[in-house]
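Take a moment to look over the protein shown here. Then follow this short report from the whole chain down to single residues.

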Amino acid sequence: MNSTIDEITLLRQSQARSTSHRMVVRGIGEEIDLETGPGDDDPSFSSTTLVGVPTQESSAPQEQEDHKQLLLASQVPSQGQQQLVKVPQGKRKKKVVKKWREEWADTYKWAYVDVHEGTTRIFCSVCREYGRKHRRNPYGNEGSRNMQMSALEEHNNSLLHKEALRLQMASKDKGLPVIEKSVYVKALMLKSASSVLESVLRRDPHEVEFIQSVQEVVHSLEPVLVKNSQYVHILERLLEPERALIFRVPWVDDRGETHVNRGFRVQFSQALGPCRGGLRFHPSMNLSIAKFLGFEQTLRNALSPFKLGGAGGGSDFDPMGKSETEQIMRFCQSFMDELYKYLGPDEDLPSEDMGVGPREMGYLFGQYRRLAGHFQGSFTGPRIFWSGSTLRTEATGYGLVFFARLILADMNKELKGLRCVISGAGKIAMHVLEKLFSCGAIPITISDSKGYLLDEDGFDFVKLSFLRDIKVQQKSLRDYLKSNPRAKYFEGAKPWSEQCDIAFPCASQNEIDQPDAVALINSGCQILIEGSTMPCTPQAFDVLRKANILVAPAKTASAGGVAVGELELSHECNLMQWSPEDFEAKLQEMMKQIHEKSLKAASEYGCMKDSPEALVHGGNICAFLNLAHALIDQGCV
């Protein structure tokens, strides 16, 4: 009995002398070595890949058997004592062999691998620490003192980790979705550019869409920051919105039940003028999307002939399936009850976006006029002063096609006869489709949230009219097959695998992921014109860039809608006096100016005209320089 106590004492002394403990991950049931030593790193760890281990049910009999074997081993005092005496004093290391415990697999759901000071470590995703540092949490030093336990199991016993695990299990019990979004971060060559992006990541780590948008712009601005380091501070100031509003929107449905949604409006920058930007009604709407829309709109407006600020916003309200004159009208009026205080012709006027059309804009403006007490200005929409003008609705879609023609002209090509795939079925997609076949191109696809429609013969005016009737009646695109049996509808699929020359993504952000980009390459696509804001994921954009597919970003290609929307509000230029021919000529001239300015900015900062990224980098650089000059002149405000 005394010899057993002596052995335990020696073990504790050995543990006290050790300065680190590590664990090499193996499969469930396999033996592992938990080493206690002077702190030298295990050379096998850096080459060991962390593998996620699925949780299995515990095998209690096996664990009991292992426990019995450990007890039997401790009952041999003389032999164990002799072995401890034989250990050289210089190594001071003892290996304890244990079974990989099955409950540790759950722990690794909260872990990730990263390199710290040249050494690969296992970090906890709760406290962002590794090793014994896990015990340092706001609740005190609650970790286990047993040096035989892994660092992550040790942290699993802390109150902080237990509370996080409890909240996770509670959310699963309630049936709430656990949303995990990863942030794809590109390497930046310039240290100052990296520091700007790192500050955004630290401040808003969960705003994935906003971080993605910022990362693309910062990547384009690296050569600008190299030439003028003063712009680093300007960029930091620009990335923080001037005003971000989050408010409650209560409303009553047709059955008298009360509902509450959340409203957003981010007025990102007014350095160049009053804010203009869309309102989006969609269940996925959140602050990250509102900030990303406002940031992209700020850059888009900076490229337009009219100097304007940028804003974005909306609500997580879903207008689909709601009654028109009751539920939607009541929601829009409640939404405007809070927002109207921050709107005005010289401050901020909203425009249409996903889920917000002429009907919603009419209800919103009516309530704004009622609360403001005057009829000053108008929201940028298709019915300027409700006089019947429809040119504004066509501006963005037509502008995309005109921009495609400018790109093709640089390649000595024409749009006529080219196969074009379109995603989305909103007003932008419909007007892109309309202008394409009027220019002689062959638009073959259109899509909705459930799949896409393929017509190999191409759409024409008659087919387009039928499609619009389907959308007005809120029917499925599958109904198109009733009058056009040769067409096909593909459920749960995207149109990017169809043979095409030009792609027009006009649905939503991040609709093209990496497999979709590969499908576009295999389908023969040469040009991608962004109709929706940020339709490509960073991984997809990298794939397209390596395949030399030219990408026209939305901030340049869809800036026509911004310009025409501002013309609607101008008292000097009245759209009602323009013929459709004059309107198209004016729109083509504005798109040409934006195209030339973007290419010029790209060439000035080392990006060749024939580069697939020329328009992306050039548009970001040109817009930023316009904003930066205004911010410098206005001082630190």
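What percentage of the 637 residues in the protein is buried? The share is 50%. Keep in mind that this is a predicted model.

**The whole protein**

The protein has 22 helices and 20 strands. It exposes about 30,800 Å². Carbon and sulfur atoms supply 51% of that area. Now take the contacts between residues at least 6 apart in sequence. Of these, 67% join residues at least 24 apart.

The table sets them out.

| Helix pair | Angle | Axis distance |
|---|---|---|
| H12 (residues 324–339) and H13 (residues 358–372) | roughly 45 degrees | within 9 Å |
| H7 (residues 191–203) and H8 | about 175 degrees | 11 Å |

Start with H12 and H13. Their axes cross at roughly 45 degrees, so the two helices are oblique to each other. The crossing is right-handed. On the H12 side, the contact is made by Glu 324, Thr 325, Ile 328, Met 329, Cys 332, Gln 333, Phe 335, Met 336 and Asp 337. H13 brings Arg 359, Glu 360, Tyr 363, Leu 364, Gln 367, Tyr 368 and Leu 371. By class, this contact has 9 nonpolar, 3 polar and 4 charged residues.

Next come H7 and H8. Why do they count as roughly antiparallel? Their angle is about 175 degrees, and angles over 145 degrees count as roughly antiparallel, so H7 and H8 fall in that class. H7 gives Ala 193, Val 196, Leu 197, Val 200 and Leu 201 to the contact. H8 gives Phe 210, Ile 211, Val 214, Gln 215 and Val 218. Here the classes are 9 nonpolar, 1 polar and no charged residues.

**Around helix H18**

H8 also turns up in another setting. Helix H18 spans residues 538–546. Pro 538, Ala 540, Phe 541, Asp 542, Val 543 and Leu 544 are buried in this helix. What do the buried residues of H18 pack against? They meet helix H8 (208–220), helix H17 (514–522) and helix H22 (614–634). They also pack against strand S19 (527–529) and strand S20 (550–552).

Look at both ends of H18. Met 534 has a positive phi of about 55 degrees, although it is not a glycine. Its relative accessibility is 5%, so Met 534 counts as buried. Just after H18, Asn 548 takes a positive phi of about 60 degrees.

Gln 474 lies in the loop between helix H16 (461–472) and S17. This residue is not a glycine, yet its phi is positive, at about 55 degrees.

Ala 493 is found in the loop between strand S17 (488–491) and strand S18 (502–505). Is Ala 493 buried or partly exposed? Its relative accessibility is 31%, so Ala 493 counts as partly exposed. Leaving aside its neighbours within four places in sequence, Ala 493 is in contact with Lys 450, Gly 451 and Tyr 452. Ala 493 and Leu 453 are 40 residues apart in sequence. In space, they are 9.7 Å apart, C-alpha to C-alpha.

Key:
Residues numbered from 1 in each chain as written. Predicted model: local features only at pLDDT ≥ 70, side-chain atom pairs only at ≥ 80, totals over all residues. Heavy atoms only, no water. Axes fitted to C-alpha atoms, helices over the stretch in contact; angles between N-to-C directions. Helix = DSSP H or I, 4+ residues; strand = E, 2+ residues; numbered from the N terminus. Parallel < 35°, antiparallel > 145°, perpendicular 65-115°, else oblique. Left-handed = near helix turned anticlockwise from the far one by under 90°. Contact = heavy atoms within 4.5 Å. Nonpolar A, V, L, I, M, F, W, Y, C, P; charged D, E, K, R; others polar. Buried < 20%, exposed > 50% of the residue type's maximum accessible area, 1.4 Å probe, protein only. Areas by Shrake-Rupley, 256 points an atom, 1.4 Å probe, with all protein chains shown as cover.
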